[in-house]
Amino acid sequence: MNFAFYLISGLAVAGALAAVLLKNTVHCALALTVAFAGIAMLFLQLGAQFAGFAQILVYIGAVAILVVFAILLTRGSETPRDGVYSKFPLTGLAIAAAVFAVLGWAVLNSASALPGAETTSAAPTVTVMDIGNALMSRYVLPLEIVALLLTAALIGAVIVAMHEKEEAN
Amino acid sequence: MIDKLDQVFVLLTQWVVGFLPAFLQPVAVVVIAVAAILVTFPGLFAICVLLERKGLGRMQNRIGPNRVGPFGLLQPVADGLKSLTKEDLVPLSADAAVHFLAPVFLVVVVFMGYAVLPVGRNMTLVNMDAGLLFYFAMGASTELSVFMAGWSSRNKYSLLGAMRAVAQMISYEVPLLMSSVAVVMITGSLSLNAIVDAQNVYTWGLPHWYIFTPWGFAGFVMFATAATAETNRSPFDLPEGESELVAGYFTEYSGFKFAEFFLGEYVGMLSISGLGATLFLGGWSAPLQVLGFVPSWIWFFGKVMLSMCVFIWLRGTLPRLRQDQLMNFAWKFVLPFTMLNLFVAAAWRFMGDGWLRWVVCSAVLVIAYVVMGRVGMRRKHFGPRSYRYAE
């Protein structure tokens, strides 16, 4: 907990708040990338190079681009006349609280689930090679399942998006 | 003496830092290295612009710039002064904040990539364990800047150019990454220094550069293709196709902001040339063992400038592709071939030393290339174009 931590987390929180509060949808998407960048920097500050760079590569390089693409290709980036705020704030609050509770519960329980939880005082040094070995040995089944799901989702998206070609000559 | 010359910049930095108090020294080393990067590569940018204008002039049977200074050598200075003194126009309907941020973001992100490039022996700014990943993370962020520029201008040509650019950059980023993964598989490390060290080995005075292996050669060709598309260079320069889109995503930029886009494009080309040289051409290592006495940084910058010349040569030679050709080429040829190349690289790794792996790997790649080319040509029906849109 030093100065850099507060600076980075302040940036991430400000980006996230701007993503919620700004009126223009594209501005919201760009503010969201600031929040993503802040989270990536937090990973880097904790010494998790792979997670940090993967965060930038996937979230800023791909997810943010897809978000702005979706905004531009569907509804247009103009602000709707009746405001951007939801008419059901209580429902949203309840859902947000539920998600936060589940995430908080998972984080609080994660320390005891790890092997060797008692010796958490020294920060572990994890190289990219360690992550690769773990993914290819202990976690190979989840990896393959995720890969299969993503491939299925990709093919499904293409089939949904592409209308049937008429039987022309 | 030879070692001194090789390490001249490192020794110079140490000498300068020696005058400072001890607690400032680590900071000073970084500041000096960053300043060196910020001076060297824009300087090379100026040389490349002149080279491009002169070279293209020769290829198109005209003289090129010859009015400023002897043989037009001071032309980059005049260009720089011109863009500094020009009026900075922002369209009335443009989104001023995003319009301002887009070129700044591009230049920042492009320069970040140099942090991990080994430009010479002991001359890497940050030797990261995941250096290659860092480079690609920074490269992927340039797409956002292109989108910001195109969207904030509120101009249909800008927006069309940005959409084209982003679609093209996403499509070609996949083969760019996949062709580099083969190098990572063989080296067993994502650190660019480790990749150079693995290639800086000689047998009979000849280097072990990855381009001199079957998978490395195929990977390098794919990498060069994807890198050309990634930097929006001809023949993949549809995002700024002058005959269709005025100037694409930076149509509404003038003065110094336009210069920033120009700088970003060329510095990006220099940096991706440097990455290609590092991954496949042995980085700063000498092409022959007997030439090892030449300083390492000369080899690195020589390789970078050579590939810049190839970029210019391609621009003067090839016509621009069409959008559907561009996409078909990326997804139906380059991507399957890079995937096959991953398998070939794995086979190369596990077949051990000997002549057999040379024969098998080369045969697989050549047969795949011929078959894919033949099948692709046969399926091609020439005639009116038909488009399929996603809804």
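## Axes and angles in this report

Helix axes are lines fitted to C-alpha atoms over the stretch in contact, and the angle between two of them runs from 0 to 180 degrees between N-to-C directions. The structure described here is a predicted model.

## Helix 9 and helix 13 of chain B

In chain B, helix 9 (residues 214-230) and helix 13 (residues 323-350) have axes that come within 9 Å and cross at roughly 155°. Angles over 145 degrees count as roughly antiparallel, and helix 9 and helix 13 of chain B are therefore roughly antiparallel to each other. Their crossing is left-handed.

Helix 9 of chain B contributes B:Pro214, B:Trp215, B:Ala218, B:Gly219, B:Met222, B:Thr225 and B:Ala226 to the contact. From helix 13 of chain B come B:Val334, B:Phe337, B:Thr338, B:Asn341, B:Val344, B:Ala345 and B:Trp348. These residues divide into 10 nonpolar, four polar and no charged.

## Helix 5 and helix 11 of chain B

Helix 5 (residues 96-112) and helix 11 (residues 255-280) of chain B pack at an angle of about 20°, their axes lying 9 Å apart. With angles under 35 degrees counted as roughly parallel, helix 5 and helix 11 of chain B are therefore roughly parallel to each other. The crossing of helix 5 and helix 11 of chain B is left-handed.

On the side of helix 5 of chain B, the contact is made by B:Pro103, B:Leu106, B:Val107, B:Val110 and B:Phe111. Helix 11 of chain B supplies B:Lys257, B:Glu260, B:Phe261, B:Leu263, B:Gly264, B:Val267, B:Gly268 and B:Ser271. Eight residues of this contact are nonpolar, three are polar and two are charged.

## Chain A and its contact with chain B

Between the chains, 19 residues of chain A are in contact with 21 residues of chain B. On the chain A side, helix 2 and helix 3 (49-73) are the elements that give two or more residues. Helix 3 of chain A provides the largest share, 10 residues.

## Confidence

The model scores ipTM 0.75 and pTM 0.84. Chain A averages a pLDDT of 80, with 79% of the residues scoring at least 70. For chain B the average is 84, and 97% of the residues score at least 70. Among the elements of chain A, the mean pLDDT is lowest in helix 5 (residues 128-136), at 82, and highest in helix 6 (residues 140-161), at 90. Where pLDDT is low, the predicted coordinates should not be read in detail.

Technical notes
Residues numbered from 1 in each chain as written. Chains lettered and ligands numbered in written order. Predicted model: local features only at pLDDT ≥ 70, side-chain atom pairs only at ≥ 80, totals over all residues. Helix = DSSP H or I, 4+ residues; strand = E, 2+ residues; numbered from the N terminus. Parallel < 35°, antiparallel > 145°, perpendicular 65-115°, else oblique. Left-handed = near helix turned anticlockwise from the far one by under 90°. Contact = placed C-beta atoms within 7 Å. Nonpolar A, V, L, I, M, F, W, Y, C, P; charged D, E, K, R; others polar. pLDDT = per-residue confidence, 0-100.
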